[in-house]
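Hello,

Here is the structure for you to look through. Please open it first, then read my notes below.

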Amino acid sequence: MQRVDRFAIPTLTIARYVVKGYIKERIFLVALIFAFALMVASYLLSPLAVGAQGKVITDIGLAAISILGITLVVLLGASSFSRERSGGILASILAKPVSRIEFIMGKYVGTIVSVSAVMLIMACVFMLVMVTSNTPIHGMIFTSVYLSVLEMGMVTALMTLFSSFTSPMLCAFFTVCIFVCGHLSKNLLEFAEVFGGAGFKLVAQIGYYVLPNFSFLNVRTEAVHALPLPDGYVLSVSIYALFYTLVVLFLGGVIFRSRDIE
Amino acid sequence: MRFSRKNLLIGSLGLFLMVGLVFSTAQSQRYRYRPELSESLYLPSGKLLKEISLGYRQFVADLVWFSAVQYYGEYRREDHDLRYFISLIDIVTTLDPHFIFAYTFGAVVVSEDLEAFSQGIAILKKGMSNNPTNWELPFEIGFLNMIHTRDMDVAARYFDLSSRLPGAPERAKRFAAYVYSLSGDATSSIELWEKYKEYTDNPYLKELADRYIARLKASGQGGVRR
């Protein structure tokens, strides 16, 4: 128990410091802008949606929560490591009894908590808009928001991994590339099946399993049309997302340990 | 504030730029509407959009749906001949295969405005293969068959199928019975559209029915087809 505390306390302290930094950067303004934009969009676009108002409001709301969550992670996270490194803050933190793994975990937890809070506020505003526009709310909408948070968690882990060894610009670029590839990864297998030889199929299979499969975490179609998911789906993909995140953070920690910090 | 030569120069430059912006904005307005752009509308395939929209294909489907609705509105204003409407509906329903209203609205417009009955039915059959338990799609196939081919047996079969699917309202059953009672009658299309209006809840489909009734009345045919 003591050993857990010894790890958890520095991690949580760094996480708190990260959250405070993001609050100073006024990230919660994003939630306010979202609320305003969603309300305006739902009223302005409804007449254009001819017969599909409820669907359009649900689509826009769910897509906006996911897109803004991912954008926040990339914008905030990519530069945070380098800012601390260039200001000498990183060296002074690591001079204290804080290991590099604890630092990485603290950064990750801080980012996750901050962005999750923004996404939660956005989800509440979205529900309010749904209620005021008489759009039916059902359980799949909550599931979709939950899986969007998990997706954001995986992207944050990737961002943490890249920021441990590259510049902010490259970190943002790699994260966005992996995000795009992660949504297209299932096509790799189909592509290899149709066009590839044995070697290409093997490479495609490796690519498919190594890249994150974000399509697992996208149940927006089911949420919009209130379609059921297979039994055990949410549990299964949650476990997948958890392990993928932990493996990526572990790799980030290993790389960060081997880096020279001045 | 001192009116130095430098400030005067900066102020004059600012004023010049503002006037230039206002002038260039006003003079570019004459190019706002370019008919050749909407006529040769570039439409990527639904399958391509499905892949490049990443996980946000519902959202992209909505954007294409807005275009389809706007495009239909332009046709109603007699701006064009609706030639890309089928492609737009195909893209929307490929991106969102469960968007039932896109199938029904698209099929009615394609059958009535473009007078392409078989393509209208093809839209509904695509919907049925993607949503086999939905009652509205076979209902529409039954109705379009009744209006266009007057094949009451086929129409009745689809109404019957529709009435047996989950969530089908009582009116689907009543419509099936109504069609059976019609067999052989030379009922006017106007009457059938009036009946359709009674049976659909959707205000947009009711509005379309009103439009087709007005058109039939204006043409003076009464729309009797056997």
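**What I found**

Chain B and chain A bury about 2000 Å² between them, and carbon and sulfur atoms give 65% of that area. Buried area is the accessible area (1.4 Å probe) that two parts lose on being put together, summed over both. On the side of chain B, B:Tyr56, B:Gln58 and B:Phe66 lose the most area to chain A, together 32% of what that side buries.

The model is predicted: local features need pLDDT of at least 70, side-chain atom pairs count only at pLDDT 80 or more, and totals for chains, interfaces and linings use all residues. Residues are numbered from 1 along each chain as its sequence is written, chains are lettered from A and ligands numbered from 1 in the order in which they are written, and side-chain values use heavy atoms, with hydrogens and water left out.

**The interface**

How many residues does each chain bring to the contact? Chain A brings 27 residues and chain B brings 16 residues. Contact means heavy atoms within 4.5 Å.

There are two salt bridges between chain B and chain A. A salt bridge is a side-chain nitrogen of Lys or Arg within 4 Å of a carboxyl oxygen of Asp or Glu. A:Lys55 forms a salt bridge with B:Asp62; their closest N and O atoms are 3.1 Å apart. Helix 4 (residues 57-76) of chain B gives the largest share of the side of chain B that touches chain A, seven residues. Helices here are DSSP runs (H or I, at least four residues), numbered from the N terminus.

**The core**

The largest nonpolar core has 139 residues, and B:Trp65 and B:Trp193 have the most contacts inside it. Helix 5 (residues 100-132) of chain A gives the most to this core, with 15 residues. A nonpolar core is a set of buried Ala, Val, Leu, Ile, Met, Phe, Trp, Tyr and Cys residues joined through side-chain atoms within 4.5 Å. Buried means under 20% relative accessible area, exposed over 50%, and partly exposed in between (1.4 Å probe, protein chains only).

**Two loop residues**

A:Ala226 has a positive phi of about 50 degrees, although it is not a glycine. A:Ala226 sits in the loop between helix 9 (220-225) and helix 10 (233-257) of chain A. Is A:Ala226 partly exposed or buried? A:Ala226 is partly exposed, with a relative accessible area of 45%.

B:Glu115 also has a positive phi of about 50 degrees and is not a glycine. B:Glu115 lies in the loop between helix 6 (100-112) and helix 7 (117-130) of chain B. B:Glu115 counts as exposed, because its relative accessibility is 65%.

Best wishes
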